[in-house]
Amino acid sequence: MFSIKNLSYLLFASVVALTSCNHNFDHIGVHTTPRWEFAPNMYHSEAYEPLSQVTDSISNPEAYNSNPYNPHGMNMRVPPAGTIKRESMLPYAFPKDCLDYVAANVKSPIQVTEKVLAEGEVLYTKFCAHCHGDAGKGDGAVSKSFKGIADLTNQRLKGVSEAYIFHVITHGQGRMWSHASQIDQEERWKIAAYVKEVLQKTE
């Protein structure tokens with residue numbers, strides 16, 4: 001049951017709601033002087049589309065979309081030569097035929113920790129286990145259709161370095177293609193660490 005008090009509140013709220021629907025704004029005075037606006041560039045900023053380039057502001061002003069402060073009015077600019085993404089590793093400069101040199105001379109830039117090995121296991125399961133198998137025995141699901149998949153736990157591969165594994169992941173070897181486009185450098189080193197420190201030491 002509604003009390004008189006609750007009914008009064010409901011009536012008052014209804015009046016306020018109906019009054020707010022009035023579209024007559026004649027009661028609002030016109031400002032004769034400019035008012036302050038907080039951060040106007042946030043409300044009136046000109047957005048530039050990076051992948052479109054309309055430089056003709058005379059015959060097509062509505063579609064004009066060019067940054068006048070960049071060379072040629074370009075919206076997207078090419079980074080300077082040699083630019084490296086922040087917190088990323090240097091580009092891997094060794095070509096495919098440098099496997100022996102890399103295996104003997106290149107060292108992993110990441111420190112092997114429990115966290116790195118755990119992340120390496122996740123990456124291995126995602127990108128490698130379907131061919132090499134969960135335990136690295138070369139008996140993954142793909143091996144039923146394609147032969148010649150390496151057993152990562154055999155004596156020969158137990159003797160290779162992390163850099164060897166990293167280089168093969170980067171450039172591919174035999175029937176294995178390059179995985180550089182799917183797995184970034186840091187992830188490849190984590191997989192190599194997992195193979196060396198876990199799979200090849202589990203017997």
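This is a predicted model: local features need pLDDT of at least 70, side-chain atom pairs count only at pLDDT 80 or more; totals for chains, interfaces and linings use all residues.
Student: How much of the protein counts as buried?

Tutor: Of its 203 residues, 26% are buried. The accessible surface comes to about 15500 Å², and carbon and sulfur atoms own 60% of that surface. As for contacts between residues at least 6 apart in sequence, 49% of them join residues at least 24 apart.

Student: How do I read a nonpolar core?

Tutor: Here's the general idea: in soluble globular proteins, nonpolar side chains tend to be buried together. In this model, the largest nonpolar core has 19 residues. Y124, Y164, I165, I191 and V195 have the most contacts inside it.

Student: Which residues does V195 touch, not counting residues up to four places away in sequence?

Tutor: V195 touches Y124, L152, I165 and Q200. Y124 and I165 are also on the list of residues with the most contacts inside the largest core.

Student: How do I describe two helices that pack together?

Tutor: Two packed helices are described by the angle between their axes and the distance between the axes. Take α4 and α8: their axes come within 8 Å and cross at roughly 100°. An angle of 65 to 115 degrees counts as roughly perpendicular, so α4 and α8 are roughly perpendicular to each other.

Student: Which residues of α4 and α8 make the contact?

Tutor: From α4 you have V116, L117, E119, G120, E121, L123 and Y124. From α8 come E187, K190, I191, A193, Y194, V195 and E197. Sorted by class, the contact has eight nonpolar, one polar and five charged residues.

Student: Can we zoom in on V116? Is it buried or exposed?

Tutor: V116 lies in helix α4. The cut-off for buried is under 20% relative accessible area, so V116, at 10%, counts as buried. Leaving aside neighbours within four places in sequence, V116 is in contact with I110, Q111 and K190. Look at K190 in that list: V116 and K190 are 74 residues apart in sequence, yet their C-alpha atoms are 6.0 Å apart in space.

Student: How many residues of α7 are buried?

Tutor: Nine of the ten residues of α7 are buried, which leaves that helix mostly covered. The buried ones are E162, A163, Y164, I165, F166, H167, V168, I169 and T170. They pack against α3 (99–105), α6 (155–158) and α8. After α7 comes G172, with a positive phi near 85°.

Student: What about residues in loops? Where is C128?

Tutor: C128 sits in the loop between α4 and α5 (129–132). With a relative accessible area of 11%, C128 is buried. Beyond residues up to four places away in sequence, C128 touches L123, G133 and I191. From C128 to I169 you move 41 residues in sequence, and the two are 9.6 Å apart, C-alpha to C-alpha.

Student: And P91, is that one buried or exposed?

Tutor: P91 is in the loop between α2 (40–43) and α3. Exposed means over 50%, so P91, at 63% relative accessibility, counts as exposed. Apart from neighbours within four places in sequence, P91 is in contact with I84 and Q185. P91 and Q185 are 94 residues apart along the chain, with 8.7 Å between their C-alpha atoms.

Student: What is in between buried and exposed?

Tutor: That's called partly exposed, and D184 is a case of it, with a relative accessible area of 42%. D184 lies in the loop between α7 and α8. D184 and M89 are 95 residues apart in sequence, while their C-alpha atoms are 9.6 Å apart in space.

Definitions and conventions. Residues are numbered from 1 along each chain as its sequence is written. Side-chain values use heavy atoms; hydrogens and water are left out. A nonpolar core is a set of buried Ala, Val, Leu, Ile, Met, Phe, Trp, Tyr and Cys residues joined through side-chain atoms within 4.5 Å. Buried means under 20% relative accessible area, exposed over 50%, partly exposed in between (1.4 Å probe, protein chains only). Contact means heavy atoms within 4.5 Å. Accessible areas come from the Shrake-Rupley method with a 1.4 Å probe; for residues, only the protein chains shown count as cover. Axes are lines fitted to C-alpha atoms, for helices over the stretch in contact, and angles run from 0 to 180 degrees between N-to-C directions. Helices (H or I, at least four residues) and strands (E, at least two) are DSSP runs, numbered from the N terminus. Angles under 35 degrees count as roughly parallel, over 145 as roughly antiparallel, 65 to 115 as roughly perpendicular and the rest as oblique. Ala, Val, Leu, Ile, Met, Phe, Trp, Tyr, Cys and Pro count as nonpolar, Asp, Glu, Lys and Arg as charged, and the others, Gly among them, as polar.
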